[in-house]
Amino acid sequence: MSADVTVSESAFIEVDRVEKVFDVRRRTGFLKRELRRVRAVDAISFRVARGEMVGYIGPNGAGKSTTIKMLTGILTPSGGRLRVAGIDPSRERTRLAHRIGVVFGQRTTLWWDLPLIDSYRLMHRMYRIPDGRYRENLDRLVELLDLAALLEVPVRQLSLGQRMRGDIAAALLHDPEVLYLDEPTIGLDVVSKARVREFLRELNAERGTTVLLTTHDLQDIEQLCSRVMVIDHGRLVYDGALSGLHEAGESERTLVVDLERELPPIEAGEAARVVRVEGPRQWLAFPASASAAPLVAHIAARYPLLDLSVREPDIEAVIAKMLYAPGSSGEGSPERRAVVPGAGGS
Ligand SMILES: Nc1ncnc2c1ncn2[C@@H]1O[C@H](COP(=O)(O)OP(=O)(O)OP(=O)(O)O)[C@@H](O)[C@H]1O
């Protein structure tokens, strides 16, 4: 541990210049092997306060999973200092397991062939959850996540959305103080996504559970997190509000307008510009950091409207625009780099 590290009182997750280097051996000839070092996480620092909901995003291979694995104690950092609830995850993984919950959207922690309720019973024993607390948590989660009709159904028969709700309940039975969510809404339909997000909002508001959320869905971040951290090539390149990320990348949202009939391109002044017209449907691009409401009001007052919808920019596109915007070094220019640890959250 370096002497200059200042530990904030309120920080629940503390990450100080943490790195993870993988040594990968590659065969380059008949008897030749080459050692390649992959710096998956490169000296990242941040603080997350108790009760915060933070998005953790980045392109494929950026280092998100490696960070989460270090925070859960599955991987040991190659350098730096890491604490979750005051615990060093890789040294005291079992003790930490009682205080954290993990949900992977693409994998399940449930027993595939067993009815849902049997997985919960097994977790009851595995985590040694006191009987009263288990029953109370189970009842609450079954109600909030609408699982009553699914408890006797084998996990393999559940739909993706039902399985995800089942997994979230499993991760919360032991009352963890922090929840790591890896793509919790991937592959879900609009209704299931809304349900999962609503539940997470309530969980955070009522229980003060700290949430670290990895996602490729910008709406997850928009609807749940006041703070977002962006990792690219193992380095933290942004830590702040989502609106700031949009501003840095000058990203745009799209308003799709269905008019009653074919008309010339809509005039919206400085607020938006028409980027496509197909019959009575028009697409207008406007800054993602701006609200759609005034634009919608402007159009509704002047044009015969049938329908409207807003399309979010792709998360990869927002990050790419931020990293490679004019003036950026292409690796994230210093002024776009991570701000002081914890600054985004308080
Ligand atoms: N066990 C390992 N051995 C060697 N290299 C690894 C290992 N795990 C991850 N890496 C490498 O570390 C880098 C970061 O990987 P990581 O899985 O953390 O990225 P990610 O941001 O989670 O990506 P994705 O969005 O695709 O899941 C990648 O270059 C990856 O190939």
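Author: The shell around the ligand consists of Phe22, Val24, Val38, Ala40, Gly58, Asn60, Gly61, Ala62, Gly63, Lys64, Ser65 and Thr66. A residue is near a molecule if its C-beta atom, placed from the backbone, lies within 6 Å of it. Two or more residues of this shell come from each of β1 (11-27), β2 (33-49) and α1 (64-72). With three residues, α1 gives the most. Helices (H or I, at least four residues) and strands (E, at least two) are DSSP runs, numbered from the N terminus.

By residue type, the shell around the ligand holds five nonpolar, six polar and one charged. Here Ala, Val, Leu, Ile, Met, Phe, Trp, Tyr, Cys and Pro count as nonpolar, Asp, Glu, Lys and Arg as charged, and the others, Gly among them, as polar.

Two notes on reading the model follow. Residues are numbered from 1 along each chain as its sequence is written. The model is predicted: local features need pLDDT of at least 70, side-chain atom pairs count only at pLDDT 80 or more, and totals for chains, interfaces and linings use all residues.

The unreviewed UniProt entry places "domain: ABC transporter" at residues 19-258; UniProt positions are given in the numbering used here, feature names are shortened, and annotations may be inferred rather than shown by experiment. Residues 19-258 are 35% helix and 30% strand, and the end C-alpha atoms of the span lie 50 Å apart.
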